[in-house]
Amino acid sequence: MTNSASTRRTATPAVGISRGDDAVALWASARAAELLRDSEGLPPKYGTAEWQRLPSAAPQKTAAILTAAEMWRRYGDEEDLLAWFREASRPRQFVADGRTLAELDVLAKPKPPHQLRASPGWPPVAIPGRPGWWRHCGPNGEQIDLPHNERSGATAA
């Protein structure tokens, strides 16, 4: 019995779902492939006249339903998807259009660095460029630099 179980395990390997795989999509794809195993080509699009002419028990009809349901689950309404594609592919205005070189030069200048300030009621702030030092907000709002980040240390200084 153990041998047959181990033989079965190796004969039918489990499908590994990696982080990027979608288990529902894999299931729907496998079911549609099973249904279309003996037929040629793709099933007709769900709801078309060709789909409606198929017998109710036709595997192509069920495969078309599965395919349509999966497309809806993944992409939503077809018209909404097409509208999104139209918007995404619409030509955009070039950033520099309508601006002079002087205006672009002003926009490209670096901004002055932000002045680090500790705020009352907030934890001390690590000081960039000074490892191990933190800026504290003192009892009267003054800025105190200390070699620790204990809140009570600023009031004692």
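View 1. Helix α4 covers residues 59-75, which is 17 residues, and spans 24 Å from first to last C-alpha, close to the 24 Å expected at 1.5 Å a residue. That expected span is 1.5 Å times one less than the number of residues. Helices (H or I, at least four residues) and strands (E, at least two) are DSSP runs numbered from the N terminus. The model is predicted: local features need pLDDT of at least 70 and side-chain atom pairs pLDDT 80 or more, while totals for chains, interfaces and linings use all residues. Residues are numbered from 1 along each chain as its sequence is written, and side-chain values use heavy atoms, leaving out hydrogens and water. K61, A63, A64, L66 and E70 of α4 are buried (buried is under 20% relative accessible area, exposed over 50%, partly exposed in between; 1.4 Å probe, protein chains only). These buried residues pack against α2 (23-35) and α3 (49-53). Just after α4, G76 has a positive phi of about 80°.

View 2. K61 belongs to helix α4. Leaving aside residues up to four places away in sequence, K61 touches W51, Q52, L54, P55 and S56 (contact is heavy atoms within 4.5 Å). K61 has no salt bridge, although buried; E50, the nearest side chain of opposite charge, is 12 Å away. Lys and Arg count as positive, Asp and Glu as negative; His and the chain ends are not counted.

**View 3. Salt bridges around D145.** A salt bridge is a side-chain nitrogen of Lys or Arg within 4 Å of a carboxyl oxygen of Asp or Glu; the structure holds eight. D145 and R130 form one at 3.3 Å, N to O. This pair links distant parts of the chain, with D145 in strand β3 (residues 143-146) and R130 in the loop between β1 (125-126) and β2 (134-137), 15 residues apart. The side chain of D145 also meets that of R135, at 2.7 Å, N to O. R135 lies in strand β2 and D145 in strand β3, so this pair ties together parts ten residues apart in sequence. R135 is buried at 19% relative accessibility, whereas D145 is partly exposed at 25% and R130 is partly exposed at 34%.

**View 4. The salt bridge between R92 and E87.** The side chains of R92 and E87 meet at 3.4 Å, N to O. R92 is partly exposed, with 47% relative accessibility, and E87 is partly exposed as well, with 39%.
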